[in-house]
Amino acid sequence: MNPLLRSWDRLYIYVAVIGLVAIVSHWSLIWHHPVPDFDTDTLIGQAPGNCGKPWILAGMGDTAHPLGNALIQQYICLWDGSSTVNLNQAWALLLVAAVTGIALLLLMVSWRTGAGPLSAAVALGYVGTSPALRTLSARAEEDWIGLTLFVLVTVLVLLYHRADTGLSWRLAGIAVATTLLAVWHFQYMLVLAFGLTPWAVLAMAKPRWAGTTRRKAIALGVAMAVPSGATLGTLFGTGYAVRVEYHKLYLSIFNPDYWEGILHWLRNYTTYSSRWLTGWLGNDGQQEKLFAAPETWPFVVLGLVALATVVLLLVFTRNAVLIAIGFGCLVLPFLFEPHNAERWDPTSVIVALALAHGVSTCARGAHPVEPVAGELAGEPEALGVEASPPARV
């Protein structure tokens, strides 16, 4: 029997226990919903009064949620009048399904990369303990659905990045998943754009450094940008979704009301990371409260350690695509609302993906690049030599 299969057979019970505890822990927070959330609570409260009415209305969507809010309303209406569960419980069940979906995707990544059950268990354990993710659950945040779609898109891109066959079907799946993500919550599209755009530029200049070919990079860009862009263009062009300049309304690097210089902003970003990446919240567990950034130097040190740990973990995966998307995850809270758990949840889940993927000193995530027309033949594969057994993600 394959040693990998024997390893999973022996240790699957540990993965199952840690996964169960992580999911049930989030389930409990979501079910009890101890922390109010304006968006979610407002939508659930208003939905029954709108059931049976037209839901394709001008101004229903906005920049952050082009179609997501309307879809939430329609889902809640499915349960209106149910004698089995109330509306809040129906919403909780949907979010628990999203959490479970992420757990299953992490297990698949560990299996496909050959990282083993230890990586799977650590990744699931991190999902269960991440302060940013637990805050989403305490607030019963709809971000869990967007986060699940974000993980799905990332995994599909990783699979495409490694594949040599079936590329058309893989690109079709990426196009569909990316479009769903774009209309649900635009934040995650920004993360992908921040990360994969520099990667694509690198792929055009130095394909072997990006671990791909120019042809594959272009095809991926078209699959991710064209269908989602056309859909968003239709929603905004018809007036269904309206543009809201959130970056000028709330805490962001673009809002002069909060800008006090780059050094001040860097310090706040670093100290906020000490809370959302490590859990040193200092606010009696009310993680969702938007407290000011810690100002003492120990939080600066803790934040630097947290950020360095995330960066090193991503680099040690030796997977160029995962590193690029991780970079996009870190950019988002730097630009917008570093105090808010919702901006750190992509970073938290990319850490879980990196843990599930596993780290290697010999390029587990590297992929041999076959030169195409216009590219140099005989170049070494990106980021080192392939590990044995070869990774499939």
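**Close-up views of a predicted model**

C329 has a relative accessible area of 0% and is therefore buried. This residue belongs to a predicted model, as do the residues in every view below.

**View 1. The disulfide between C51 and C77.** A search of the whole structure finds 1 disulfide. The sulfur atoms of C51 and C77 lie 2.1 Å apart. The torsion about their S-S bond is about -95 degrees, so the disulfide is left-handed. The relative accessible area of C51 is 23%, so C51 counts as partly exposed. C77 is buried because its relative accessible area, 17%, falls under the 20% limit.

**View 2. The largest nonpolar core and the surroundings of L106.** The largest nonpolar core contains 101 residues. The residues with the most contacts inside this core are W91, L106, W144, L147, F150, L192 and W199. Helix α4 (residues 87–113) gives the most to the core, contributing 13 residues. Leaving aside residues up to four places away in sequence, L106 touches A123, L124 and V127, and also A352, L353 and A356.

**View 3. A nonpolar surface patch that includes Y12.** L11, Y12, I13, Y14, V17 and V21 make a nonpolar surface patch of about 580 Å². Y12 is located in helix α1, which covers residues 3–32. With a relative accessibility of 49%, Y12 counts as partly exposed.

**View 4. Salt bridges of E245 with R243 and K248.** A search of the whole structure finds 7 salt bridges. One of them joins the side chains of R243 and E245, at 3.1 Å from N to O. E245 also forms a salt bridge with K248, where the closest N and O atoms are 3.9 Å apart. The residues in this view can be compared by accessibility. R243 has a relative accessible area of 62% and is therefore exposed. E245 has a relative accessibility of 29%, so E245 is partly exposed. K248, with a relative accessible area of 49%, is likewise partly exposed.

**View 5. The salt bridge between R343 and E342, and its network.** The side chains of R343 and E342 meet in a salt bridge at 4.0 Å, N to O. Both R343 and E342 are buried. Through salt bridges that share partners, D37, R139, E141, E337, E342 and R343 are joined into one network.

**View 6. V305 in helix α14 and its distance from S274.** Helix α14 spans residues 297–316 and contains V305. V305 has a relative accessible area of 47%, so V305 is partly exposed. In sequence, V305 and S274 are 31 residues apart. In space, their separation is 8.2 Å, taken from C-alpha to C-alpha.

How values were computed: Residues numbered from 1 in each chain as written. Predicted model: local features only at pLDDT ≥ 70, side-chain atom pairs only at ≥ 80, totals over all residues. Heavy atoms only, no water. Patch = residues over 30% accessible without salt bridge, like charges linked within 9 Å, V, L, I, M, F, W, Y side chains within 5 Å. Areas by Shrake-Rupley, 256 points an atom, 1.4 Å probe, with all protein chains shown as cover. Helix = DSSP H or I, 4+ residues; strand = E, 2+ residues; numbered from the N terminus. Buried < 20%, exposed > 50% of the residue type's maximum accessible area, 1.4 Å probe, protein only. Core = buried A, V, L, I, M, F, W, Y, C linked by side-chain atoms within 4.5 Å. Contact = heavy atoms within 4.5 Å. Disulfide = S-S within 2.5 Å.
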